[in-house]
Amino acid sequence: MPYDSEDTLESWYVAVTYGLAGDEEWDDAEDEDSRAPAAGTKVGHLILWRLREDTGDNRWEAADAESGDLEVIASAVLGRSGGDGYSAAFEKAITHPVGDLLLLDRVSLDKTWRGFGLGPALAAEAIRRLSGGCCAVAVYPAMGEYPEDRGQVTEAYRRQAKKKIAALWQSIGFQPFRHGVWLLETALRQPEELMRARRSELHALSTAFQRCGPPESSPADGVTSAESSTQAPNQIPG
């Protein structure tokens, strides 16, 4: 739904589907004995935000009004006022700190599809398509889901979970910045090379899946912060 700062903080909801409904290649691949889901079945989603530069609005206030995690990112990358450009630390960390900032807010997959490295691969594909005109992509690794027994969630448990999640984002080019925020510099070649590596892994996984059928329940894939309301749907086939 539209909100006051939509020109400053633009939301993107990316649906992850198993193939595309109506696509002849996927429809022809289906057979009666297959355990695979129907083409076009949604298996997850990503939420991203584009924090636009030079809109006249206070970018920190726009991020803060949306969620605490986006506020953490804005506080780390923006100047003190939130409306006067990027912070000195950000300008030192990024080679060309001019342009918009893409925020990776959440990667969520159905439980059956977790634990296979799909999250980073899909995030890299979404970033490739949505980061045009952005000087960097930012993420704040945090737990988005908790075990049923909340007593398990000790401080050590949280640290270990955040460490595992951060390793996933590092696998597609994110580097630690400050205040728990990680950055991916879009002008570098490394993210593109890492995306190709993840794409190759995804292709190998897809080939194995088509031979053996859908995976059984597996360890949870990493996710970022809590789900937010979004708009502008897009699709990434599984």
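Q: In which helix is the place of E125?
A: The model is a predicted one. Residues 118–130 make up the helix that holds E125. That helix is α5.

Q: Is E125 buried or exposed, and at what relative accessibility?
A: Buried means under 20% relative accessible area. E125 falls under that cut-off and therefore counts as buried. Its relative accessibility is 9%.

Q: Which residue does the side chain of E125 join in a polar contact?
A: The contact runs from side chain to side chain, at 2.8 Å. A polar contact is a pair of N or O atoms within 3.5 Å. The partner of E125 is R129.

Q: How many aromatic pairs does a search of the whole structure find, and what is the pair of Y86 and F90: stacked or edge-to-face?
A: The search finds four aromatic pairs. In one of them, Y86 and F90 lie 4.3 Å centre to centre, with 25° between the planes. Planes under 30 degrees apart count as stacked. The pair of Y86 and F90, both buried, is stacked.

Q: Why is the pair of W169 and F174 edge-to-face?
A: The ring centres of W169 and F174 are 6.4 Å apart. Both residues are buried. Planes over 60 degrees apart count as edge-to-face. The pair is edge-to-face because its planes are at 65°.

Q: Which residue lies over the face of Y86?
A: The distance from the ring centre of Y86 is 4.7 Å. The residue over that face is R59.

Notes: Residues are numbered from 1 along each chain as its sequence is written. This is a predicted model: local features need pLDDT of at least 70, side-chain atom pairs count only at pLDDT 80 or more; totals for chains, interfaces and linings use all residues. Side-chain values use heavy atoms; hydrogens and water are left out. Helices (H or I, at least four residues) and strands (E, at least two) are DSSP runs, numbered from the N terminus. Buried means under 20% relative accessible area, exposed over 50%, partly exposed in between (1.4 Å probe, protein chains only). A polar contact is a pair of N or O atoms within 3.5 Å; within protein, one must be able to donate a hydrogen and the other to accept it, and residues adjacent in sequence count only if both atoms are side-chain atoms. Rings of Phe, Tyr and Trp (its six-membered ring) pair if their centres lie within 6.5 Å; planes under 30 degrees apart count as stacked, over 60 as edge-to-face and the rest as tilted. A charge sits over a ring if NZ of Lys or CZ of Arg is within 6 Å of the ring centre and within 35 degrees of the ring normal.
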